[in-house]
Amino acid sequence: MKKSILFLLTISTLIIFNSCGKDYDYRDKWVGEYERVFEDEWRGSYFKMILPAGVAKHGQDSVLIGITRVTDYDPLETKVYYYFFQVLKDGTIRVPESYIWNNNCWSGRFESRNSFTLTAYDIDSGGEYSSTYVFKRIKK
């Protein structure tokens with residue numbers, strides 16, 4: 001009986017000490033590699049391709065998202081663009097007020113651990129023109 005109680009106390013103490021002092025970063029669940037399906041029609045030809053993206057932690061409450069975008073159609077070329085976004089604990093993605101890229105205002109949300117959505121609104125058009133990107137996780 002004494003050995004059982006001593007064993008339980010030892011295990012309980014180890015569990016308590018191992019759980020203390022660890023800083024949980026809520027962004028860890030979203031860091032990883034993603035992809036999005038890109039579909040377009042150019043000069044009468046329809047094409048569909050998979051474009052990669054990556055999410056990494058940056059600073060205290062931000063993430064760096066690298067988005068591969070099509071830059072030219074003839075020949076087909078892509079380029080990775082990097083954006084810094086503030087991410088709230090509930091998964092809301094927003095642009096820090098000091099950043100606006102190419103007259104785009106961005107908003108988005110991590111829908112789950114495996115997907116997120118970003119929408120870019122053209123400021124000059126009053127938000128009339130927008131592009132929405134839907135990303136699915138391919139690996140953590």
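# Salt bridges and a strand barrel

Asp-28 and Lys-57 form a salt bridge, with their closest N and O atoms 2.7 Å apart. Asp-28 lies in the loop between H1 and E1 and Lys-57 in strand E2 (residues 45-58), so the pair ties together parts that are 29 residues apart in sequence. A salt bridge here is a side-chain nitrogen of Lys or Arg within 4 Å of a carboxyl oxygen of Asp or Glu. The model is predicted: local features need pLDDT of at least 70, side-chain atom pairs count only at pLDDT 80 or more, and totals for chains, interfaces and linings use all residues. Residues are numbered from 1 along each chain as its sequence is written, and side-chain values use heavy atoms, leaving out hydrogens and water.

**Salt bridges**

- The structure holds four salt bridges.
- Side chains of opposite charge can pair when their charged atoms come close.
- Asp-28 counts as partly exposed at 32% relative accessibility, and Lys-57 is partly exposed at 39%. (Buried means under 20% relative accessible area, exposed over 50%, and partly exposed in between, with a 1.4 Å probe and protein chains only.)
- Arg-109 forms a salt bridge with Asp-90, their closest N and O atoms being 3.9 Å apart.
- Arg-109 lies in strand E6 and Asp-90 in the loop between strand E4 (76-87) and strand E5 (92-94), so this pair ties together parts that are 19 residues apart in sequence.
- Arg-109 is partly exposed at 33% relative accessibility, and Asp-90 is partly exposed at 46%.
- Salt bridges that share partners join Asp-25, Arg-27, Asp-28 and Lys-57 into one network.

**Around Asp-25**

- Asp-25 sits in the loop between helix H1 (2-19) and strand E1 (32-42). (Helices, H or I with at least four residues, and strands, E with at least two, are DSSP runs numbered from the N terminus.)
- The side chains of Asp-25 and Arg-27 meet in a salt bridge of 2.7 Å, N to O.
- Both Asp-25 and Arg-27 are buried. Asp-25 has 16% relative accessibility.

**The barrel**

- Eight strands close into a barrel in the order E1-E2-E3-E4-E5-E6-E7-E8, with antiparallel pairing. (Two strands pair if DSSP finds at least two bridges between them.)
- Strands of a sheet pair through backbone hydrogen bonds, either parallel or antiparallel.
- Strand E6 (residues 104-112) runs antiparallel to strand E7 (residues 115-122), and eight bridges join them.
- Ser-107 has Thr-119 in E7 as its bridge partner.
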